[in-house]
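Here are a few friendly notes to go with the model. They start with the whole chain and then turn to one residue.

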Amino acid sequence: MAVDMAVDGAEALEKIALNSYDVIVLDRDLPNVHGDDVCRAVVASDASARILMLTAAGDVNDRVTGLELGADDYLPKPFAFAELVARVQALARRSPSGPPVISRADLVIDRARHRVTRHGQPVALNRKEFRVLELLAVADGAVVSAEELLERVWDEHTDPLSNIVSVTIARLRRKLGKPPLVETVIGCGYRL
């Protein structure tokens with residue numbers, strides 16, 4: 001998972017306005033702008049992100065209120081970290097960002113099972129390679145910039161001047177084999 005973090009509600013709203021997120025883990029008791037107001041703003045914006053409220057307010061009325069605000073799930077503190085990860089993954093699977101299986105020529109990407117085949121043969125990809133390929137496939141032939149790949153696959157602390165995107169694309173091309181599927185659009189980005 002690529003994760004961005006905000007320390008208060010105002011910063012959360014700024015990041016949500018600038019980035020596209022699959023899942024937002026939201027504490028209700030945020031300073032500056034309350035988590036409830038952040039939730040309302042996300043729902044009003046028609047963003048496709050799923051919202052998981054994570055908060056110490058865990059009685060039934062608090063959970064109902066959080067869900068009525070538009071949250072997709074609610075996890076009271078204290079919680080098991082494994083449960084948080086499982087809930088985030090479940091919400092990400094339900095995120096409306098394309099079909100569960102994508103086919104392009106002889107390439108099949110099974111997003112739910114995290115599997116890729118080419119010419120009917122399995123292709124072993126690490127998480128970052130899989131996510132880059134998935135984003136290119138979901139774009140359906142549109143160019144995806146290196147900056148967008150960097151934002152959506154790596155976290156906010158990755159050096160924006162790094163060559164990590166081009167290195168990952170090169171590894172991806174090598175693993176996918178011939179004929180090449182990932183095209184470089186000079187000065188713009190990449191497309192499948």
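1. Of the 192 residues in the protein chain, 34% are buried (under 20% relative accessible area with a 1.4 Å probe, protein chains only; over 50% is exposed, in between is partly exposed). Please keep in mind that this is a predicted model, where local features need pLDDT of at least 70 and side-chain atom pairs count only at pLDDT 80 or more, while totals for chains, interfaces and linings use all residues. Residues are numbered from 1 along each chain as its sequence is written, and side-chain values use heavy atoms, leaving out hydrogens and water.

2. The protein chain holds seven helices and nine strands (DSSP runs numbered from the N terminus: H or I of at least four residues, E of at least two). Its C-alpha trace spans about 55 × 35 × 25 Å along the principal axes.

3. Now to Arg118, which sits in strand 6, residues 115-118. Arg118 counts as buried because its relative accessibility is 3%.

4. What does the side chain of Arg118 reach at 2.8 Å? The backbone oxygen of Leu176. A polar atom of the Arg118 side chain also lies 2.8 Å from the backbone oxygen of Pro179.

5. Beyond its neighbours within four places in sequence, Arg118 is in contact (heavy atoms within 4.5 Å) with Asp106, Leu107, Val123, Leu176, Gly177, Lys178, Pro179 and Leu181.

Methods: Polar contact = N/O pair within 3.5 Å; in protein donor to acceptor, adjacent residues only side chain to side chain.
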